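The sequence and the model are shown first.

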Amino acid sequence: MRTGQILWPTDFSETAAHALRYAIEMANLYHVGLKILNVVEQPMGDENFMILAITPEELAKSMEEAAATKMQALLEGLKTELPITTLIRRGDPIDQILEEANNSDVGMVVIASHGRTGISHFLHTNVAEAVANGANCPVLVVK
């Protein structure tokens, strides 16, 4: 039986919300908690080009605040008695998800697949595929 929490990485998309149902079902099945992770990518910019009216650091803080607001709304809408932990991290989504999956009390990752195919699949990094290949625990990819 699994004892580690279920990790559900989210970008707050509809596809991710669909995977949440599976994450809750798995957490209930194994009587474990749910860990929700959102990763804010670090904005890039150069103040010397004057492209941004604010610095990349200020933009990242603003993005983190927006993610916290979305996370709070998500939690208010959940109808579950599960113990829930929330995390908002900054960085590369793949790196941050794998760090959490491999270096904390995570028994399974439940992640949404965006289902890209063809040339789009080759041009964009598939986060779900990278997590499935790099995680030390089982990964459930939900379509």
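Ile6 stands opposite Leu34 in β2, where strands are DSSP runs of E with at least two residues, helices are DSSP runs of H or I with at least four residues, and both are numbered from the N terminus. The two strands β1 and β2 run parallel and are joined by 4 bridges; two strands count as paired if DSSP finds at least two bridges between them. The model is a predicted one, in which local features need pLDDT of at least 70, side-chain atom pairs count only at pLDDT 80 or more, and totals for chains, interfaces and linings use all residues. Residues are numbered from 1 along each chain as its sequence is written, and side-chain values use heavy atoms, with hydrogens and water left out.

**The sheet**

β1 is also joined to β4 (residues 106-112), by 3 bridges in a parallel arrangement. In this pairing, Leu7 has Val109 of β4 as its bridge partner. The open sheet has 5 strands in the order β3-β2-β1-β4-β5, with parallel pairing. Its edge strands are β3 (84-90) and β5 (139-142), each of which pairs on one side only. Neighbouring strands of this sheet are turned by 20° against each other on average, direction ignored; axes are lines fitted to C-alpha atoms, for helices over the stretch in contact, and angles run from 0 to 180 degrees between N-to-C directions.

How many residues of β2 are buried? The count is 7 of its 7 residues, with buried meaning under 20% relative accessible area, exposed over 50%, and partly exposed in between (1.4 Å probe, protein chains only). Leu34, Ile36, Asn38 and Val40 are buried on one face of β2, and Lys35, Leu37 and Val39 are buried on the other.

**Overall composition**

The protein contains 5 helices and 5 strands. Read from the N terminus, its elements follow the order β-α-β-α-β-α-β-α-α-β. Of its 143 residues, 38% count as buried. Among contacts with a separation of 6 or more, 74% come from residues 24 or more positions apart, a contact being heavy atoms within 4.5 Å.

**Helices**

Helix α3 (residues 93-103) lies across β1, β2, β3 and β4 and runs at about 155° to β2. Helix α5 (residues 127-134) packs on the sheet as well, touching β4 and β5, and its direction makes about 160° with that of β4.

Two packed helices are described by the angle between their axes and the distance between the axes. For α3 and α5, the angle is about 35° and the axes are 10 Å apart. The crossing of α3 past α5 is right-handed; a crossing is left-handed if the near helix is turned anticlockwise from the far one by less than a right angle, and right-handed if clockwise. Ile94, Ile97, Leu98 and Asn102 of α3 make the contact with Val127, Ala130, Val131 and Gly134 of α5.

Helix α2 (residues 56-77) has 22 residues and spans 32 Å from its first C-alpha to its last, close to the 32 Å expected at 1.5 Å a residue; the expected span is 1.5 Å times one less than the number of residues. Its buried residues are Pro56, Ala60, Glu64, Ala67 and Met71. These residues lie on the same side of α2 because they cover an arc of only 75° around the axis, the arc being that of the directions from the helix axis to the C-beta atoms. The cover over them includes β2 and β3. On the face turned away from this buried side, α2 carries the exposed residues Glu65, Thr69 and Glu76.

**Individual residues**

Most residues other than glycine have a negative phi, and most peptide bonds are trans. Phe12, in the loop between β1 (5-9) and α1 (14-30), has a positive phi near 65°. His31, in the loop between α1 and β2 (34-40), likewise has a positive phi, of about 55°.

Ser113 is placed in the loop between β4 and α4 (118-123). Leaving aside its neighbours within four places in sequence, Ser113 is in contact with Thr15, Ala128, Val141 and Val142. Glu129 lies in helix α5; Glu129 and Ala112 are 17 residues apart in sequence, with their C-alpha atoms 10.0 Å apart in space.

| Residue | Relative accessible area | Class |
|---|---|---|
| Phe12 | 23% | partly exposed |
| His31 | 69% | exposed |
| Ser113 | 15% | buried |
| Glu129 | 39% | partly exposed |
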